[in-house]
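Please read it with the sequence and the 3D view at hand.

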Amino acid sequence: RRGEMAKSTQLIDNEVFRAYATYTVIVLLKMMLMSLITAYFRITRKAFVNPEDTASFGKGDSAKKFLRTDPDVERARRGHLNDLENIVPFVGIGLLYALSGPELSTALLHFRIFAGARIFHTLAYLIPLPQPGRGLSWAVGYSVTFSMAYKVLKTALLL
Amino acid sequence: RRGEMAKSTQLIDNEVFRAYATYTVIVLLKMMLMSLITAYFRITRKAFVNPEDTASFGKGDSAKKFLRTDPDVERARRGHLNDLENIVPFVGIGLLYALSGPELSTALLHFRIFAGARIFHTLAYLIPLPQPGRGLSWAVGYSVTFSMAYKVLKTALLL
Amino acid sequence: RRGEMAKSTQLIDNEVFRAYATYTVIVLLKMMLMSLITAYFRITRKAFVNPEDTASFGKGDSAKKFLRTDPDVERARRGHLNDLENIVPFVGIGLLYALSGPELSTALLHFRIFAGARIFHTLAYLIPLPQPGRGLSWAVGYSVTFSMAYKVLKTALLL
């Protein structure tokens with residue numbers, strides 16, 4: 001089994017794959033942070049959606065008034081969903097891209113721009129910054145994923 | 001490093017893996033297209049959710065009236081969420097399936113049916129087509145992913 | 001091609017990778033189950049969102065009354081979205097973790113706790129159990145993913 005074990009860890013020794021691993025963990029942790037931000041706003045704004053979540057505020061009508069939507073909670077939730085919609089394609093296409101043999105410098109350029117764009121997108125959403133700040137950061141991340149998709153199809157296309 | 005580099009690109013030389021890469025990129029790009037369709041409906045129907053997105057339409061009440069929901073926008077958003085719910089399992093389980101050593105022809109059959117079903121699902125949702133068109137295309141994609149999951153567990157089960 | 005084929009299937013022979021494959025399929029199937037639960041509640045509670053989905057109940061106002069939200073449907077949908085938010089990072093970070101050379105026993109501990117926590121989370125959401133049951137199971141799964149992310153960055157960091 002030792003031989004197989006050694007082989008299976010070779011992928012993580014490859015520099016492009018290490019870069020992919022690093023930036024994938026960064027953007028997924030950033031996405032996970034949105035759960036904490038939503039929870040923070042739910043608790044500080046006292047705005048919940050499940051009756052069982054307000055039980056500690058008392059019974060009946062006194063707890064019921066906390067079953068409501070709040071603009072800050074909804075904003076954090078939209079940012080979270082936008083992350084899912086954009087980070088999922090990055091993680092999936094990025095893995096195939098990292099395995100398609102790009103130059104390390106080119107790969108790092110893609111990964112760094114994507115991570116920077118998504119971190120900016122979250123700030124632009126939560127502060128919020130005036131448009132087109134959020135829109136442009138979304139488009140930059142989108143374009144990076146599209147560029148990686150093109151490289152994967154050029155290298156691997158088998159329909 | 002050269003040796004490792006060569007080894008890490010072998011995966012993408014494998015035909016089943018190339019087929020997986022091709023169809024994963026196709027369905028993820030299709031999912032990303034939903035963002036553009038939602039944006040198109042938001043702009044043409046003038047239906048936004050963030051106050052900062054309507055600032056270019058003027059100030060105060062003249063901009064506020066564009067903070068509203070629109071049936072076409074909501075329909076595109078539901079299609080996008082349905083993609084997330086179904087394409088994420090395909091990408092994750094499909095990767096493991098591609099590594100579990102299936103015949104190329106069997107793998108291609110799975111990937112092609114899934115991609116076709118999801119493209120049809122989007123058309124059925126957006127046109128919209130009468131049921132059970134959308135429901136059936138959803139079930140076909142779901143069954144393909146289930147079939148791949150069965151093969152992975154049969155090959156790799158280690159609890 | 002035979003040599004490459006053999007090499008590409010080695011990953012699935014590695015025990016840590018087999019454990020990752022097993023638990024990833026389990027949690028993704030559990031997530032896919034949420035679609036069936038939502039569909040079950042939509043049909044039994046007669047609560048739909050698309051006009052074309054209610055066409056079989058008759059025409060006009062007689063069908064229109066089934067275009068409504070239902071607490072059980074919404075609860076299942078929230079559980080599904082929570083799965084997406086938490087299982088996507090597990091699948092992505094878990095893959096890199098499995099390739100970073102952890103001990104099999106340590107990896108199994110991570111995967112088992114995550115899968116158990118997410119299955120409990122779904123039960124806590126659907127029954128529903130009083131808090132902090134659901135909150136704690138969410139935090140346990142979140143912590144497992146965070147622990148794997150730490151190991152990946154420690155092994156592979158290349159910024």
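## Lysines with positive phi

Lys46(A) has a relative accessibility of 32%, so Lys46(A) counts as partly exposed. Buried means under 20% relative accessible area, exposed means over 50%, and partly exposed is in between (1.4 Å probe, protein chains only). Lys46(A) is not a glycine, yet its phi is positive, at about 50 degrees. Lys46(A) lies in the loop between helix H3 (15–44) and helix H4 (61–64) of chain A. Helices are DSSP runs (H or I, at least four residues), as are strands (E, at least two), and they are numbered from the N terminus.

Phi of Lys46(B) is near 45 degrees, a positive value in a residue other than glycine. Lys46(B) is found in the loop between helix H2 (15–44) and helix H3 (61–64) of chain B. Its relative accessibility is 32%, so Lys46(B) counts as partly exposed.

## Basis of the model

This is a predicted model, in which local features need pLDDT of at least 70 and side-chain atom pairs count only at pLDDT 80 or more, while totals for chains, interfaces and linings use all residues. Residues are numbered from 1 along each chain as its sequence is written, chains are lettered from A and ligands numbered from 1 in the order in which they are written, and side-chain values use heavy atoms, with hydrogens and water left out.

## Salt bridges

How many salt bridges does the structure hold over all chains? The total is 21. A salt bridge is a side-chain nitrogen of Lys or Arg within 4 Å of a carboxyl oxygen of Asp or Glu. One of them joins Glu52(A) to Arg75(C), with the closest N and O atoms 2.8 Å apart. This pair crosses between chains: Glu52(A) is in the loop between H3 and H4 of chain A, and Arg75(C) is in helix H4 (residues 71–98) of chain C. Both Glu52(A) and Arg75(C) are buried. A network of salt bridges links Glu52(A), Asp53(A), Arg75(C) and Arg134(C).

In chain B, Asp83(B) forms a salt bridge with Lys30(B), and the closest N and O atoms are 2.6 Å apart. Asp83(B) lies in helix H4 and Lys30(B) in helix H2 of chain B, so the pair ties together parts that are 53 residues apart in sequence. Asp83(B) and Lys30(B) are both buried. In chain C, the side chains of Glu74(C) and Arg77(C) meet in a salt bridge (3.1 Å, N to O). Glu74(C) and Arg77(C) are separated by about one helical turn, because they are 3 residues apart in helix H4 of chain C. Glu74(C) counts as partly exposed, at 22% relative accessibility. Arg77(C) is also partly exposed, at 36%.

## Aromatic pairs

Over all chains, the structure holds 30 aromatic pairs. Rings of Phe, Tyr and Trp (its six-membered ring) pair if their centres lie within 6.5 Å; planes under 30 degrees apart count as stacked, over 60 as edge-to-face and the rest as tilted. Phe90(B) and Phe114(B) have ring centres 4.0 Å apart and planes at 10 degrees, so this pair is stacked. The pair links distant parts of the chain: Phe90(B) is in helix H4 (residues 71–98) of chain B and Phe114(B) in helix H5 (residues 104–126) of chain B, 24 residues apart. Both Phe90(B) and Phe114(B) are buried.

Trp138(B) and Tyr142(B) have ring centres 4.6 Å apart and planes at 35 degrees, so this pair is tilted. Both lie in helix H6 (residues 133–156) of chain B, 4 residues apart, about one turn of the helix. Trp138(B) and Tyr142(B) are both buried. In chain A, ring pairs link Phe17(A), Tyr20(A), Tyr23(A), Phe90(A), Tyr97(A), Phe111(A) and Phe114(A) into a cluster.

## Charges over rings

What sits over the ring of Tyr125(A)? The charged end of Arg134(A) does, 4.3 Å from the ring centre. In chain B, the charged end of Arg134(B) sits over the ring of Tyr125(B), 4.3 Å from its centre. A charge sits over a ring if NZ of Lys or CZ of Arg is within 6 Å of the ring centre and within 35 degrees of the ring normal.

## Cis peptide bonds

The peptide bond from Gln131(A) to Pro132(A) is cis, with omega near 10 degrees. Pro132(A) is in the loop between helix H6 (104–126) and helix H7 (133–156) of chain A. The bond from Ile127(B) to Pro128(B) is cis, with omega near -20 degrees. Pro128(B) is found in the loop between H5 and H6 of chain B.
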